[in-house]
Amino acid sequence: MTEPIRTCIGCRKKATKWELVRLVRHESGHVSVDESRKSPGRGAYVCPNLQCIRLALTPKKLNKVLRINVTHKEIETLKQVLLNLLQCLEVRRDEKAKC
Ligand SMILES: [Zn+2]
């Protein structure tokens, strides 16, 4: 079985979509983190690490990849969600804790 390959918009590394976190632009133009990786809409992928999140979450990158005009406020919100997600991933690695 071949896995779909996606590119991290932070470091440009290629990985399967399950190794990356998906951001999705909804029809409304709103951007959110797509934990299911199934939401309809234009998607962008980023590695689940701090460095890539920082590189990826800039208005320049997101606007280009998702063809939108994100506000700084939206970017801050996305960053928060992604950072929470990262913490959860780390917790899950050592413990059985659920976020
Ligand atoms: Zn990356």
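Author: A helix here is a DSSP run of H or I with at least four residues, a strand is a run of E with at least two, and both are numbered from the N terminus. The model under discussion is predicted.

Reader: In what order do the elements of the chain run from the N terminus on?

Author: The secondary structure comprises three helices and five strands. Read from the N terminus on, the order is β-β-β-β-β-α-α-α.

Reader: In which loop is Arg-67 found?

Author: Arg-67 has a positive phi of about 55 degrees, although it is not a glycine. Arg-67 counts as exposed because 10 other C-beta atoms lie within 10 Å, and the cut-off for that class is 12 or fewer. Its place is the loop between α2 (59–66) and α3.

Reader: Is Arg-12 buried or exposed?

Author: Arg-12 lies in the loop between β1 (5–7) and β2 (14–16). Its phi is positive, about 70 degrees, although Arg-12 is not a glycine. Most residues other than glycine have a negative phi. Since 9 other C-beta atoms lie within 10 Å of its own, Arg-12 is exposed.

Reader: What is the bridge partner of Arg-25 in β4?

Author: Strand β4 (residues 31–34) pairs with β3 in the antiparallel sense, over four bridges. In the hairpin of these two strands, five residues stand between them, and Gly-29 takes a positive phi near 100 degrees. The partner of Arg-25 in β4 is Val-31.

Reader: What distance separates the C-alpha atoms of Glu-74 and Val-31?

Author: Glu-74 belongs to helix α3 (residues 72–94). Glu-74 counts as partly exposed because it has 18 C-beta neighbours inside 10 Å. Along the chain Glu-74 and Val-31 are 43 residues apart, yet their C-alpha atoms are separated by 7.6 Å.

Reader: Which elements each supply at least two residues of the largest nonpolar core?

Author: The largest nonpolar core has 17 residues, and those with the most contacts inside it include Cys-8, Tyr-45 and Ile-53. At least two residues of this core come from each of β3 (21–25), β5 (42–46), α1 (50–56) and α3.

Reader: What radius of gyration does the chain have?

Author: The C-alpha atoms fill a box of roughly 40 × 35 × 25 Å along the principal axes. Of contacts between residues at least 6 apart in sequence, 49% join residues at least 24 apart. For 99 residues a compact globule would have a radius of gyration near 13 Å, which agrees with that of the chain, 13 Å.

Note on methods. Residues numbered from 1 in each chain as written. Predicted model: local features only at pLDDT ≥ 70, side-chain atom pairs only at ≥ 80, totals over all residues. Rg over C-alpha atoms; globule rule 2.2 N^0.38 Å. Contact = placed C-beta atoms within 7 Å. Buried ≥ 20, exposed ≤ 12 C-beta atoms within 10 Å, placed from the backbone. Core = buried A, V, L, I, M, F, W, Y, C linked by C-beta atoms within 7 Å. Pairing = 2+ DSSP bridges.
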